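Hello,

Here is the structure we discussed. My notes on it follow.

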Amino acid sequence: MNLTLHVWRQKNAHDKGRMEVYQARDISEHMSFLEMLDVVNEQLVEQGIDPIHFDHDCREGICGTCSLVINGAPHGHQKATTTCQLHMRHFSDGDHIYIEPFRAKAFPVIKDLVVDRSAFDRIMQAGGFVSVNTGGIPDANAIPIPKYFAEKAMDAAACIGCGACVAACKNASAMLFVGAKVSQFAHLPQGQVERERRVRAMVAQMDAEGFGNCTNQYECEAVCPKEISVEVIAKMNREYLRAATKKS
Amino acid sequence: MKLDAKIPSGPIAEKWSKHKFEMKLVNPANKRKYSVIVVGTGLAGASAAASMAELGYNVKAFCFQDSPRRAHSIAAQGGINAAKNYQNDGDSVFRLFYDTVKGGDFRSREANVHRLAEVSTAIIDQCVAQGVPFAREYGGLLANRSFGGAQVSRTFYARGQTGQQLLLGAYSALSRQIGLGKVQMYPRTEMLDVVLVDGHAKGIVVRNLVTGEVKSYAADAVVLATGGYGNVFYLSTNAMACNVTAAYRAYKRGAAFANPCYTQIHPTCIPVSGEYQSKLTLMSESLRNDGRIWVPKSADDKRAPNDIPEADRDYYLERKYPSFGNLAPRDISSRAAKEVCDEGRGVGDTGLGVYLDFADAINRLGEDTIRERYGNLFDMYERITADNPYKVPMRIFPASHYTMGGLWVDYNLESTIPGLFVLGEANFSDHGANRLGASALMQGLADGYFVIPYTIANYFAAAGAKNLSPDGKDFKRTEDEVNERTRKLLSINGKRSVDSFHRELGKIMWDYCGMARNRKGLETALQKIPELREQFWQDVRVLGTNEELNMSLENAGRVADFLEFAEVMCEDALDREESCGAHFREEYQTEDGEALRNDKKYTYVAAWEYKGVGTKPELHKEPLEFENVKLATRSYK
């Protein structure tokens, strides 16, 4: 199939940026979206045009590196799918495809479609951990964890930190991302000790990074490639409220 | 070059305890005087950086990804082994040790493997304490599954995302230390060389991938945890950016490279669909617990899989290896798939595929149980192929997955360059000629959490804190060399893209140094690789400048290193005139086509010393001694 691509090009963080139009010819339906961009890039290089820069790595939907807003939707319109797992069979010959970076104040553009998501790392550094050092740990089976809670924790822990939730939100809120980590630990006995301190620190850092707040539109849940539920936001709010009533 | 493995004396089960006692310590107040550089933040790197920072050392950690959480350990699906014997099925440290040595086809170092099995149990404790949500039974205790090459259930897992959850655990420990200021983290920063001062590794030269700035960092020791070189095949299950550069630059500075020809081809990947293919996707080996592998009995049978009756199917693994069946080790399963495809019985458009069928398991256990066990893998398969594996069998084919070879290290994980330590997939030490499933995660975390924190102290105590400045002449000289190379790559301005060279190299390696090798093919490869390398340096086109984010430039540097490294791999494969584990030389096989080892001549680690680009490297041999496991022909029949 042949496609017309409208791609955001921006030389660096200081450049204003603009949409450019490229033709993608003879695209196979079995290609992934990023393989289609590889083919286009090969052609651009042949023509002496700087290839389109986009973040990607594992190409199997787990590392969270790939991004892109495709036709207005972070990771495109296929449900529960990262951009790297999106295949061209979901497009038709003659389509126009609009490709933009994840946009948020806290995710400044580095180049073209590549954005800086290090704000997520700083939130994790503020409290996304259990404070145990290596070694001297009791046996792994010493504390039984009900399967239900272990599964709940795993549901939340599946977050890949891609940032689609932020890109989809009109407030650029990171509450699905932060809520996922807070929920994971809130469901596990290992997370109880630092429960209040953790949620306070992570929320404070989230605010400091310039992310907005949740106003219950659930766009984040709709685009999340790992289908993290907005329940985690409710859980985080509950944890935050609980922490506000306690000293620690 | 002299290889001294520094294996402690005494009975195998006491070596590590004895060694821990005999090694020198650095007292708690002095630890803050030492600094260490960790390159790579996968399971091995992140766990090492966090653990050493907790002890009080000053750590600088580097990764080329945008965040330390993205390293390719994250993609491991199936699980992590540990000799917990929670299932009461006869597991023990010795059994895990034995299985690993046997699985590696008797080409690994006994002492290292035993230590790995010993610390495996502590890894699970550590991960649970970090909040890793492993699968659990209704009673609240940890669940296990079985995996290829073992007859006990010792594999711990978190759905199909075990690597992700373990990495996020290590990343959380690392993040905590970054927050506390004990680790300086440098993401989007690629190591391009190691700096030696008086023969010791004392720093690295890196390129900031966003600004292009080339800069040196100094420390009292350097730890490489930079993963494997599976992308030498271009198509592999590795992430796109996985590369050999850090390890290869260390090799060029004097670190021996061990057993580069041991490359694992994973039996269960989604087959190639076309020329444009950029990577191959793994389907976890755990699927072989419930899936049955088959091809049609006749090469002419072109019916749809569900129309082929039982009588016309060949469940070849169950037929050839009745006791292990579909759980035969990876090298054996991969070769068996190649064999049936070579006979023309392969399935799918390309004929390069076999069926992995869940119909029996679904009949026996119900679709819900299968969904619970493998749901995310089935979804992934459907997204890529548009086939529904609940209804039609999956099609799978082997692909390059893991590299057992790596930089040579002694028992302390120190390379032949003093002060340069190598962890995880980047070293060669524990898996011999073939790695068993769910053992990579185990080794990465063993090295990082429980080995390097001890052995680095021993080095520090002997070498002392140097507090070097990165402005010294050794640093400047190395920086100049790095800059010169970048300048050269950007100035060629030829006609061909970097990827086109990488693809061509990958094809040479897959055809001549892949699942099966022979002398003639390897000699052909050794002739083709230098020709391709020469073309690369004359005709590659890298656009843009150094002073910006330039992914073609990054890639060009990596492919340039693969183009040199590929030769070392072929030399090693040529030297090893036997078949063992993943290294299958067609000249050396038994009557029924199994690997034929030559223990008299080849029970050694082949460690190669760099002698110049295009010059044959010098081979050094570390003899392997087996005192606890009797050398035997591996049988899974």
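Which residue lies over the face of Tyr315(B)? Arg292(B) does, at 3.8 Å from the ring centre. Arg371(B) lies over the face of Tyr390(B) in turn, at 4.5 Å. A charge sits over a ring if NZ of Lys or CZ of Arg is within 6 Å of the ring centre and within 35 degrees of the ring normal.

This is a predicted model, where local features need pLDDT of at least 70, side-chain atom pairs count only at pLDDT 80 or more, and totals for chains, interfaces and linings use all residues. Residues are numbered from 1 along each chain as its sequence is written, chains are lettered from A and ligands numbered from 1 in the order in which they are written, and side-chain values use heavy atoms, with hydrogens and water left out.

Over all chains there are 37 aromatic pairs (ring centres of Phe, Tyr or the six-membered ring of Trp within 6.5 Å; planes under 30 degrees apart are stacked, over 60 edge-to-face, the rest tilted). The rings of Phe120(A) and Phe211(A) are 5.8 Å apart at their centres with planes at 40°, so this pair is tilted. Phe120(A) is buried at 3% relative accessible area, and Phe211(A) is buried at 5% (buried: under 20%, with a 1.4 Å probe and protein chains only). One aromatic cluster is formed by Tyr229(B), Tyr248(B), Tyr251(B), Phe257(B), Phe565(B) and Tyr610(B).

Regards

Terms used:
Buried < 20%, exposed > 50% of the residue type's maximum accessible area, 1.4 Å probe, protein only.
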